[in-house]
Amino acid sequence: MEPYVEEHLHWRMLGPKDMDELANLRAQIESFDDTMMSASERLGGFDDPDVLTGNCVGGWDNYGSLLAYGWNVVDVTPDRARVTLIGGVHPTHRYLSIGRKLLAWQQSRALEWRDAEREGLDLWIGCYVEPVQPGLRHLLQSAGFREERHFFDMHCPLGDVPAPRAIEGITFVAFDMARSEEVHRLHHLCFQATVEPEHDHWEKSLARVRPEWSWLAVNGDGDAVGYVLSSEDDAAAMDGVVEGWTDRLGVHPTHRRRGIASALLERTLVSMADSDCLGAGIGVDTTDPGVPEMLQGPLGYECRDSLVLMSKIIAAAESVS
């Protein structure tokens, strides 16, 4: 696909040799917008130069400064046509509608990639947006993107943790690595994944888990119907502070709205407090933007950071409008 996007900048495709200049532009944009860091990078670590070639375009001014870029990060899974969009325009050039034309280029490039590499599949295109990016949200909405998932970072102090509640018919037991596969299947069910569970990825994620801070909710038949898996907060550890972090929380669909999730978290908070943790955090991944309210009040969590995944689907027989 031709790299031309619009008339105000000089456009060409970016490659690995451009990573330093690209990193500098991204840092300037993030500083101006007051973002914690690139929203997409937070979730996926999309900074691999090997996936840059052919899917990233940049625009330079007449003085040789990179002022805009659009990066399509493609899903390498063979039977999926998914593209995550990353991009930005330097604040000095945002009044020129470059962002709108850059988004159009990225969608066309995503469609071209789908037709060449994943012919016959519906194309999913997504983009992460932080609260301080209302312009990006509006731009995506005008292009047909809709809110798909919400992500929240919640934190709470552990000075006065609530006493764990009891749930009729449910027994709470400490997580045991011997039940890893059972919990993996439950996790897959809870989040209704569209692909088969990846065993290796799951096992690697469990290497972080602190079993003494992790709990299972078990029904009368001895089956796990809820789980909370926690580890140490790496960011806090870098500052020499011991804080807990809940990596995964899920409840079987048929057992929801019974207070099981709150009961699991209460036990986790008590466990962390018993280990002299000063605070606890949790990352919430949900389709319901109101879910964080459950963690406030009695549990004492407060929202520190949030972002939303916006997406659209282009059917196999359709093209970008």
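So, Arg210 sits over the face of Trp213, 4.0 Å from the ring centre. By "over" I mean that NZ of Lys or CZ of Arg is within 6 Å of the ring centre and within 35 degrees of the ring normal. There's also Arg267, which lies over the face of Phe172 at 3.9 Å from the ring centre.

Before I go on: this is a predicted model, where local features need pLDDT of at least 70 and side-chain atom pairs count only at pLDDT 80 or more, while totals for chains, interfaces and linings use all residues. Residues are numbered from 1 along each chain as its sequence is written, and side-chain values use heavy atoms, with hydrogens and water left out.

Okay, back to Phe172. Together with Ile260, Leu295 and Tyr301, Phe172 touches the most other members of the largest nonpolar core, which has 27 residues. A core here is a set of buried Ala, Val, Leu, Ile, Met, Phe, Trp, Tyr and Cys residues joined through side-chain atoms within 4.5 Å. Buried means under 20% relative accessible area, exposed is over 50%, and partly exposed is in between, with a 1.4 Å probe and protein chains only. Which element gives this core its largest share? Helix 8, with seven residues. Helices (H or I, at least four residues) and strands (E, at least two) are DSSP runs, numbered from the N terminus.

Now Tyr301. Skipping neighbours within four places in sequence, Tyr301 is in contact with, among others, Met154, Cys156, Leu265, Leu269 and Leu295. Contact is heavy atoms within 4.5 Å.

Last stop, Thr286, in strand 11. Is Thr286 buried or exposed? Buried, since its relative accessible area is 10%. The Thr286 side chain reaches the backbone nitrogen of Asp288 at 2.9 Å. That's a polar contact: N or O atoms within 3.5 Å, where within protein one must be able to donate a hydrogen and the other to accept it, and residues adjacent in sequence count only if both atoms are side-chain atoms. Leaving out residues up to four places away in sequence, Thr286 touches Arg149, His150, Phe152 and Val291.
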